[in-house]
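Open the model in your viewer and keep the selection panel at hand. The tour below goes stop by stop.

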Amino acid sequence: MFPKMLVLLVIFILYSTINQPTSVSGSDPDPLQDYCLPSPHSHQCKNSSSVTVDDFIFSGIKHPGKFTNKFSGVPVSATVFPALNTLGMSLVRADFEVGGTNVPHYHPRATEIAYVLEGKLYSGFVDTTNKVFAKVIEKGEVMVFPRGVLHFQMNVGKTRATVLGSFDSQNPGSVKLPAALFGSGIDDELLEKAFGLKSKDISKLKKRFG
Ligand code: MN
């Protein structure tokens, strides 16, 4: 073999080996240091001399958040709790008044495991073949929602329900279908065609979710 081709071959093999883990893995990257509290003025980590224990404590989920339509969700992601930066995980506290729902949504960057702290919920997801996996789960049980898959919950009990969701991403993201479809500014004509609805029905939905 010509030396030039050999060099190219070695480069190719090295390139595919190095790139494989990142191309097949969808999770957050491994940390390169113990922790990395983002410095407010750069993309670097704060110097550890200015980091304190309080940076690693978040008290914002002691209590439910603000309820809208009988539901309250308080994310504990790196956005609100910077200590999670580079650590590849986060939480959400969700509270449901009787009948309250966590509308169909998905997390583009994380699988979620939801633990029922209180109450009883109809809980489920829909896979990419439109098969629904849903059941009533109660206090002490967990359900897992695979990454990027549409899921939902509804309080079907007679008391308030509380769920703690755990994610394998510091910033799982949440796409809530009603708002993403009708509150985002997609052209009416497309929505009318997609849903087979009249212009006035789309306007109604846009008013509700906009
Ligand atoms: Mn979720």
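Select T162: this residue is buried, with a relative accessible area of 9% (buried means under 20%, with a 1.4 Å probe and protein chains only). The model is predicted, so local features need pLDDT of at least 70 and side-chain atom pairs pLDDT 80 or more, while totals for chains, interfaces and linings use all residues. Residues are numbered from 1 along each chain as its sequence is written, and side-chain values use heavy atoms, without hydrogens and water.

T162 sits in strand β9 (residues 161-167); strands are DSSP E runs of at least two residues, numbered from the N terminus.

Next, select the manganese ion. Its protein donors are H105 (NE2), H107 (NE2), E112 (OE) and H151 (NE2), at 2.1 to 2.2 Å; donors are N, O and S atoms within 2.8 Å of this metal. H107, in the loop between β3 (101-106) and β4 (112-118), and H151, in strand β8 (residues 150-155), lie 44 residues apart and link distant parts of the chain. Both are buried: H107 has 7% relative accessibility and H151 has 2%.

Which residues are closest to the centre of the largest pocket? Select T68, N69, T101, V103 and K176, from a lining of 15 residues. The lining divides into five nonpolar, seven polar and three charged residues.

Notes:
Helix = DSSP H or I, 4+ residues; strand = E, 2+ residues; numbered from the N terminus. Buried < 20%, exposed > 50% of the residue type's maximum accessible area, 1.4 Å probe, protein only. Donors = N, O, S within 2.8 Å, 3.2 Å for Na, K, Ca; no water. 1 Å grid on protein atoms, 1.4 Å probe; cavity = no way out; pocket = protein on both sides within 12 Å on 5 of 7 lines; lining within 4 Å. Nonpolar A, V, L, I, M, F, W, Y, C, P; charged D, E, K, R; others polar.
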